[in-house]
Amino acid sequence: MKNDHLVKVGLKDLIRLLQSGIPQNPSLIHAALAFWDPSFNYFRFNYGMMAPTVFDVTHLLGLLPYSPMFDITATSSIPFSFPDLNSGNSSYTKFLNAEMETAGDVSDREFFSYLLYTLCKHILCHGGKKVMSEMIPLALCFLKGEPFDFASYFLGHVYKVGSESQEKGLMHQSYGGPIWFFQLWLLAYFQEFSTSLPQ
């Protein structure tokens, strides 16, 4: 049943992709980001300007490209008891150990915790390496099964990676965001670079 829910909100293909693992090639990503223009959110390559688009996100990840835009400022109460996230319980390991049940059906709270954890660690990849309370409204929308334009929201985080790479320096290792998507996108358009991936 939870699998059907993930299909409905457009997360199933993305989660399956991330679970299978994406071989990392930091050199390829850093080389490409050297050409990123944060003023216009595109790469300035020799043969022209290129940038990931909503179509690319939809095609590569299967995220929904339609429905209402997500309002991060919207407030919504959690429909069950849930701990306040703080420095003592929000690290990925502590959060996962506290929220993961080992038997019985998956409860709404456990599924919500899974969505929140997955968004923070694997999809949006927050640089603080912890579960963020700011992502609770997003996880709640997915829990409720309310389709929204997650593709555009995700793309905004991708653009943020490009901007942070310019602000912090290309060899900085801790800027947050889905930097892994840049590699998928680059390999989709420049397949010759796939031979440089580690085996």
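**Entry 1: salt bridges**

I searched the whole structure for salt bridges (a side-chain nitrogen of Lys or Arg within 4 Å of a carboxyl oxygen of Asp or Glu) and found four. The structure is a predicted model, in which local features need pLDDT of at least 70, side-chain atom pairs count only at pLDDT 80 or more, and totals for chains, interfaces and linings use all residues. Residues are numbered from 1 along each chain as its sequence is written, and side-chain values use heavy atoms, with hydrogens and water left out. Side chains of opposite charge can pair when their charged atoms come close.

**Entry 2: D108 and K2**

I looked up D108 and K2, whose side chains form a salt bridge at 3.4 Å, N to O. This pair links distant parts of the chain, since D108 is in helix α6 (residues 108-123) and K2 is in helix α1 (residues 2-8), 106 residues apart. Helices here are DSSP runs of H or I with at least four residues, numbered from the N terminus. I then checked accessibility, where buried means under 20% relative accessible area, exposed over 50%, and partly exposed in between (1.4 Å probe, protein chains only). D108 is partly exposed at 44%, and K2 is partly exposed at 25%.

**Entry 3: R109 and E99**

I found a salt bridge between the side chains of R109 and E99, at 2.8 Å, N to O. R109 lies in helix α6 and E99 in helix α5 (residues 92-99), so the pair ties together parts that are ten residues apart in sequence. R109 is partly exposed at 29%, whereas E99 is buried at 9%.

**Entry 4: R44 and D37**

I noted that the side chains of R44 and D37 meet in a salt bridge at 2.6 Å, N to O. R44 is partly exposed at 43% relative accessibility, while D37 is buried at 10%.

**Entry 5: helix α9**

I turned to helix α9 (residues 179-189), which is largely enclosed by the rest of the structure because eight of its eleven residues are buried. The buried residues are W180, F181, F182, Q183, L184, W185, L186 and L187.

**Entry 6: lining of a pocket**

I recorded the classes of the residues that line the second largest pocket: five nonpolar, six polar and three charged. Ala, Val, Leu, Ile, Met, Phe, Trp, Tyr, Cys and Pro count as nonpolar, Asp, Glu, Lys and Arg as charged, and the others, Gly among them, as polar. Helix α8 (residues 150-168) gives the largest share of this lining, three residues.

Notes: Helices (H or I, at least four residues) and strands (E, at least two) are DSSP runs, numbered from the N terminus.
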